[in-house]
Amino acid sequence: MTREVLLTMKGLQFDQRGEDSDLIETVVVGDYYKKNDRHYVLYEEMLEGFNQPTKNRLKFSEHMLEISRSGLVNVHMVFQENKKNLTNYNTPFGQILIGIDTKKIQIEEEQENIVVDVEYALDVNYEFLSDCHIKINIASKQNSGFSLN
């Protein structure tokens, strides 16, 4: 895998009835490296309406994904298969307590591409909000094709 990568993150959030879903997609260029059997991706993103970038770090290994964001939004989310983790999500508008109950993490690694697939339930202030699905594709910059299906 090259150091410079194209990161595509697709997320589905289902409503409480499991009927409607919203697809969110982010595509950014990032830096990839592997250290002590853990994968890392670093990237920045601009939040709409703000001039300050948010720095992001993905760290993952078998059955675990950590997403850290710092800047306008500050959070450290931990996804561990079959475990629920709580964290504070700090935004410019206030703090929210979120719970992440991870059902499945699957990692497919090839020479020039890695796909991380996560299914979890999301709580806000101890109340169920929705079932969610994130699929992250990390590809050497010249290889970018993938879909959520």
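Tutor: What follows begins with the basis of the model, then treats the pocket, the strands and the chain as a whole.

The model is predicted, so local features require pLDDT of at least 70 and side-chain atom pairs pLDDT 80 or more, while totals for chains, interfaces and linings use all residues. Residues are numbered from 1 along each chain as its sequence is written, and side-chain values use heavy atoms, with hydrogens and water left out.

The largest pocket holds about 810 Å³ of space. Its lining consists of 28 residues, and Ile-24, Arg-69, Met-77, Tyr-89 and Tyr-120 are the closest to the centre. A pocket here is an open set of points on a 1 Å grid over the protein atoms alone, where a 1.4 Å probe fits, with protein on both sides within 12 Å along at least five of seven lines; a lining residue has an atom within 4 Å of a point. Grid points are joined across faces, edges and corners, and the volume is the space filled by probe spheres set on them. By class, the lining comprises 18 nonpolar, six polar and four charged residues; nonpolar covers Ala, Val, Leu, Ile, Met, Phe, Trp, Tyr, Cys and Pro, charged covers Asp, Glu, Lys and Arg, and polar covers the others, Gly among them. Strand E1 (residues 4–14) contributes the most to this lining, with five residues.

The chain has ten strands and zero helices; these are DSSP runs numbered from the N terminus, with at least two residues (E) for a strand and at least four (H or I) for a helix. Strands E7 (residues 83–91) and E8 (residues 94–109) run antiparallel and are joined by nine bridges, where pairing requires at least two DSSP bridges. Within this pair, Thr-87 has Ile-98 of E8 as its bridge partner, and a hairpin of two residues connects E7 to E8. E8 also pairs in the antiparallel sense with E9 (residues 113–124), over eleven bridges. There Glu-108 stands opposite Val-115 in E9, and the hairpin from E8 to E9 passes through three residues.

As for the whole chain, its C-alpha trace spans about 40 × 35 × 30 Å along the principal axes. The radius of gyration is 15 Å, which agrees with the value near 15 Å for a compact globule of 149 residues; the radius is taken over C-alpha atoms, and the globule rule is 2.2 Å times the number of residues to the power 0.38. Buried residues, those under 20% relative accessible area with a 1.4 Å probe and protein chains only, make up 42% of the chain.

Notes:
Buried means under 20% relative accessible area, exposed over 50%, partly exposed in between (1.4 Å probe, protein chains only).
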